[in-house]
Amino acid sequence: MTEMSGNKTNEQLKTEVGQFWSRASCGENLYLQGFSLHDYRNQMMERYRLEPYIPTFANAPTWKDKKVLEIGVGLGSDHQLFAEAGAILSGIDYTERAIEHTKRRFALFNLQSELRRADTEDLPFSDDSFDLVYSWGVIHHSPNTRKAAREILRVLKPGGTFKVMIYHKWSLVGLMLWLRYGLFTGRPFTSLDLLYAEHLESPGTKAYTIEQAAELFSGAVDLTQTVILTHGDLLESAAGQRHQGHAIAVARKIWPRWFFRRFAQRYGLFLLIEGRKPSGQALR
């Protein structure tokens, strides 16, 4: 899998990705009605109604009094889980918009975190700094996801844990992209990599097979990967910031959810990856 998109440089893609998510943080236009404590609480409830596996995967109470870094804080919901559990918390995001959202949220809930704008490909932390690095649906937007994964391992303490969600290539969402932007436009041989990069979310978005994901975190130990069939695969919710209109409304009515729930569990969009940095070993 290429880490670039077309002839664009890493920096050009970063600029485009930053511009995309600066217009609205992930889920902002869909689930956040305002900026009050009530609004942020409702957004959090809706997030975990649609994605109930997130709190289980994060397992925030385990990290009480541990040093935790979240890469890509977004609207701050998952960050709030770790803060309320008593983690010693740091968080970064590539956009000031997300950092402002999370700071506002934490002020309303009287929570603490060291928050800053930063690039996941060049984390502003020393080697061996954190007990846990957590990131949900972020590093696949980075132009050089491989470098982002190496940075995650670098800043982990020896024996430290990473919990990361990236997009899974062989997903029902990928099938929908192929139908809409491949088959139905007379381009049935368009690659899934190109379809994800051009049509899913921010420019250059990537999705990985299980084997490719393992390679991203090569050298880690106790690696586990779990594919999740999502509300996006089943068209049970709003379809994201780029996909609105009549076609998606029709698809939502005819999509055979019962069939996919029974026979397509392996073809979800979310790939949950967990592993550890080897004890007593530096990874570069």
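Ser129 sits in the loop that joins β3 (114-117) to β4. The model is predicted: local features need a pLDDT of at least 70, side-chain atom pairs count only at pLDDT 80 or more, and totals for chains, interfaces and linings use all residues. Residues are numbered from 1 along each chain as its sequence is written, and side-chain values use heavy atoms, with hydrogens and water left out. Helices (H or I, at least four residues) and strands (E, at least two) are DSSP runs, numbered from the N terminus.

With a relative accessible area of 12%, Ser129 is buried; the classes are buried under 20%, exposed over 50% and partly exposed in between, with a 1.4 Å probe and protein chains only. When neighbours within four places in sequence are set aside, Ser129 is in contact with Lys67, Val155, Leu156 and Lys157, where contact means heavy atoms within 4.5 Å. Ser129 and Val155 are 26 residues apart along the chain, and their C-alpha atoms are separated by 5.2 Å.

Val155 is also one of the buried residues of α7. This helix spans residues 145-155 and is mostly covered, with 9 of its 11 residues buried. Besides Val155, the buried residues include Thr145, Ala148, Ala149 and Arg150, as well as Glu151, Ile152, Leu153 and Arg154. The buried part of α7 packs against strands β1, β4 (130-136) and β5 (156-167), and against helix α10 (210-216).

**Residues in other elements**

Tyr53 belongs to helix α4 and counts as buried, at 16% relative accessibility. Apart from neighbours within four places in sequence, Tyr53 is in contact with Trp136, Ile228, Thr230, His231 and Phe270. A distance of 10.0 Å separates the C-alpha atoms of Tyr53 and Leu272, which lie 219 residues apart along the chain.

Arg97 is part of helix α6 (residues 96-109). At 31% relative accessibility, Arg97 is classed as partly exposed. Leaving out neighbours within four places, its contacts are with Trp21, Ser22, Arg23, Ala24, Ser25 and Glu28. Arg97 and Ala24 are 73 residues apart in sequence, with 7.6 Å between their C-alpha atoms.

Arg266 lies in the loop between α12 (257-263) and β7 (270-276) and counts as exposed at 61%. Beyond neighbours within four places in sequence, Arg266 is in contact with His168, Trp170 and Val227. The C-alpha atoms of Arg266 and Ile210 are 11 Å apart, across 56 residues of chain.

The C-alpha separations are collected below.

| Residue pair | Separation along the chain | C-alpha distance |
|---|---|---|
| Ser129 and Val155 | 26 residues | 5.2 Å |
| Arg97 and Ala24 | 73 residues | 7.6 Å |
| Tyr53 and Leu272 | 219 residues | 10.0 Å |
| Arg266 and Ile210 | 56 residues | 11 Å |

**Backbone angles**

Most residues other than glycine have a negative phi. Asp65 is not a glycine, yet has a positive phi of about 65 degrees. Asp65 is found in the loop between α4 (53-58) and β1, and is exposed at 53% relative accessibility. Asp222 also has a positive phi, near 55 degrees; this residue lies in strand β6 (residues 221-228).

**The chain as a whole**

The protein chain has 12 helices and 7 strands. Along the principal axes, the C-alpha atoms fill a box of roughly 50 × 45 × 40 Å. Buried residues make up 54% of the 284 residues. Of the contacts with a separation of 6 or more, 76% are between residues 24 or more positions apart.

The protein chain averages a pLDDT of 93, and 93% of the residues score at least 70; pLDDT is the predictor's confidence in each residue, from 0 to 100. Where pLDDT is low, the predicted coordinates should not be read in detail.
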